[in-house]
Amino acid sequence: MTFADQIKQGIPSTLPGKLTDLGSDNPAPKRKAILTTDEKQLALRNALRYFPQEWHSELSTEFLEELNTDGRIYMRRFKPNYKIYARPIQEYPCQTKQAAAIMLMIQNNLDPNIAQHPDELITYGGNGAVFQNWAQYLVTMQYLSEMTEVQTLHMYSGHPMGLFPSSPSAPRVIVTNGMMIPNYSKPDDWERYNALGVTQYGQMTAGSYMYIGPQGIVHGTTITVINAFRKILENHESPRGKVFLTAGLGGMSGAQPKAGNICECITVCAEVNPHAANKRYEQGWVDVLIDSIDELTARVKQAITNKEIVSIAFIGNVVEVWEAFYLEEIMVHVGSDQTSLHNPWAGGYYPSDLSYEESNRLMVSNPDLFKAKVQETLIKHTNLINQHTARGTYFFDYGNAFLLESSRAGADILADNGIDFKYPSYVQDILGPMCFDYGFGPFRWVCASGDASDLDLTDKIACEVLESLRVNATPDISQQFDDNIKWIKEAKANRLVVGSQARILYADSQGRIEIAKAFNQAVKDGKLNGPVILGRDHHDVSGTDSPYRETSNIYDGSKFTADMAIHNVIGDSFRGATWVSIHNGGGVGWGEVINGGFGMLIDGSEDANQRLESMLFYDVNNGISRRSWARNQGAIDAIKREMERTKSLKVTLPNLVDDSVLDRLDFV
Ligand SMILES: NC(=O)c1ccc[n+]([C@@H]2O[C@H](COP(=O)([O-])OP(=O)(O)OC[C@H]3O[C@@H](n4cnc5c(N)ncnc54)[C@H](O)[C@@H]3O)[C@@H](O)[C@H]2O)c1
């Protein structure tokens with residue numbers, strides 16, 4: 001059977017044989033065994049409803065085995081045998097190219113070269129799922145192959161609820177992931193309801209089909225690390241010979257050494273999982289692998305003396321490195337952490353006094369003891385960071401819930417007022433005030449032809465647009481243009497494309513619209529060999545409400561609300577998005593964030609031109625308005641400028657209250 005025939009078939013008409021060899025050497029960790037016997041029955045009943053009754057007896061035994069062994073039912077026997085990767089758009093069977101574009105992006109998220117645990121349909125972050133099981137994948141692909149431009153597919157946490165009549169201007173797919181009744185959004189609720197097969201953790205771009213491999217994260221990390229150094233280095237001093245110490249070489253964290261090299265510093269990145277460290281080394285993303293702490297300190301001292309640009313992976317616990325560098329008096333200029341503390345009890349963070357294997361066993365055999373060990377390590381970890389910052393280290397939280405989980409562990413992490421943390425998050429200090437408040441965020445695109453030459457041309461077009469906008473850019477946003485012009489010029493040489501022909505850069509509303517229009521024109525003129533899919537990371541100006549990350553620099557009390565993300569997804573959906581998504585959970589954990597995104601196919605038509613202009617404008621300015629209403633000065637300036645440019649935009653502006661008005665009142 002051809003690839004196209006298999007897609008059109010959906011669930012096969014004859015029961016496939018049981019899979020013996022999965023092919024992946026990096027399966028998802030065993031999940032917590034949380035279901036009661038009654039709930040296990042319910043999980044099986046739920047799983048079996050995808051299949052004809054005559055298969056139930058055989059499949060029930062196998063699914064129970066999966067549930068007992070893995071804590072989830074992945075239905076691995078239904079994994080198709082064709083190669084999963086971002087094939088060019090013309091290879092997908094379809095009634096509309098919009099659906100083919102979505103299929104391309106799903107395939108990309110499940111490509112074994114990209115996905116973290118491809119057999120378990122996990123793209124990144126340990127638990128960022130595209131689907132809960134292979135039946136959902138098969139049915140979804142089949143629906144997409146049949147859908148017309150007057151239908152919309154509704155996806156409930158990986159489950160394709162069905163194709164519903166709609167209109168050509170409606171999105172082709174609406175995705176929700178992990179949306180819960182708020183009181184049922186504790187970490188164990190994810191374990192339970194995911195094991196039952198009724199919800200999933202979509203992370204940000206995993207369950208929304210917009211992951212482009214590590215490139216997105218390399219770019220964001222580069223912008224963050226270079227600006228972190230700018231905060232402490234004076235007179236444009238170079239980061240050469242200065243140390244950036246961090247942890248994690250996983251899905252996103254693996255970008256840190258590469259970004260460090262682009263920033264020209266010495267990067268030391270600890271990773272407890274040798275498999276993850278080796279993978280990054282083999283990919284050329286980290287220069288040196290070291291597993292002895294003495295060797296590490298000696299090598300770092302040498303790099304400091306020689307002012308080297310080098311990235312070093314230490315195979316071991318990051319706490320060991322903080323400790324050794326303190327004792328050896330190695331100055332850490334910039335420090336952070338990218339262990340997966342959004343998922344602290346199930347493999348996101350490893351305690352320091354256990355081996356990697358011992359930890360993996362303990363988290364399943366004795367979760368309470370494992371939790372206690374994690375918390376002990378977090379306290380030690382925090383104490384060491386405090387000692388380093390007393391020596392001048394600039395430490396920031398990398399949106400992985402490090403500060404949050406350390407405070408929950410009882411570590412000495414609160415500021416003197418007992419409310420705030422001692423250290424800023426990278427959004428509070430860097431991305432929020434420097435980028436998001438002005439609308440600069442992670443715009444990305446994928447060349448649907450799959451041709452590298454198309455990517456080259458789009459790079460060139462994007463660079464020309466940025467250079468022309470830079471001419472009249474105000475001083476408050478000039479640095480953003482300069483950083484992104486440099487990035488796009490070097491992007492090809494950095495060889496960051498894995499999977500689809502994709503690119504990312506930070507641009508504001510005007511930049512995103514002008515770049516997209518220029519792409520649409522190039523498609524129309526036949527200069528590009530195929531259409532272009534636009535999207536963005538959810539980690540952006542408007543799409544995500546996350547009080548400890550994207551919206552951590554909102555100080556009017558509204559950072560614990562999620563109105564902005566909901567307005568965004570609704571607003572984008574009727575302004576022309578090809579698909580939209582809204583998720584509970586994401587980088588910082590289940591119940592801690594609501595994040596949304598979109599995808600849009602531009603095909604050279606006038607219709608695409610209108611859609612992109614209307615939707616990209618709202619997609620950025622929604623967030624700037626909210627940031628302006630929260631009294632963020634950069635956002636007030638940015639939205640005033642936009643109102644000058646766009647007469648039909650009328651945003652409610654805040655009146656600032658003079659401190660003296662409140663100071664004279666008696667509040668007790
Ligand atoms: N890169 C970004 O821009 C960004 C932005 C926001 C949030 N984050 C957050 O960063 C975290 C990491 O993301 P990821 O995709 O890389 O996750 P991941 O799970 O793929 O990788 C984390 C890595 O940390 C390692 N690790 C855990 N504990 C350790 C310890 N004590 N010492 C050394 N290594 C340890 C794990 O083995 C794992 O490989 C997530 O919480 C994510 O949400 C990243």
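## Ligand surroundings

In this predicted model, 28 residues surround the ligand, with Ser-253, Glu-271, Ser-340, His-342 and Arg-549 the closest; a residue is counted if one of its heavy atoms lies within 4 Å.

Polar contacts (pairs of N or O atoms within 3.5 Å) include one between an oxygen atom of the ligand and a polar side-chain atom of Gln-116, 3.2 Å away. A polar backbone atom of Met-252 lies 2.9 Å from an oxygen atom of the ligand, while a polar backbone atom of Val-272 is 3.3 Å from a nitrogen atom of the ligand.

## Helix 7 and helix 8

Helix 7 (residues 215-232) packs against helix 8 (residues 256-263) at an angle of about 50°, and their axes are 8 Å apart.

In contact (heavy atoms within 4.5 Å), Val-218, Thr-221, Thr-222, Val-225 and Ile-226 of helix 7 meet Gln-256, Lys-258, Ala-259, Ile-262 and Cys-263 of helix 8. These residues comprise six nonpolar, three polar and one charged.

## Helix 12 and helix 13

The axes of helix 12 (residues 356-365) and helix 13 (residues 367-390) cross at roughly 130° and come within 5 Å, which makes helix 12 oblique to helix 13. Ser-359, Leu-362, Met-363, Val-364 and Ser-365 of helix 12 meet Pro-367, Leu-369, Phe-370 and Lys-373 of helix 13.

## Basis of the values

Residues are numbered from 1 along each chain as its sequence is written, and side-chain values use heavy atoms, leaving out hydrogens and water. Because the model is predicted, local features need pLDDT of at least 70 and side-chain atom pairs count only at pLDDT 80 or more, whereas totals for chains, interfaces and linings use all residues.

Key:
Axes are lines fitted to C-alpha atoms, for helices over the stretch in contact, and angles run from 0 to 180 degrees between N-to-C directions. Helices (H or I, at least four residues) and strands (E, at least two) are DSSP runs, numbered from the N terminus. Ala, Val, Leu, Ile, Met, Phe, Trp, Tyr, Cys and Pro count as nonpolar, Asp, Glu, Lys and Arg as charged, and the others, Gly among them, as polar. A polar contact is a pair of N or O atoms within 3.5 Å; within protein, one must be able to donate a hydrogen and the other to accept it, and residues adjacent in sequence count only if both atoms are side-chain atoms. Angles under 35 degrees count as roughly parallel, over 145 as roughly antiparallel, 65 to 115 as roughly perpendicular and the rest as oblique.
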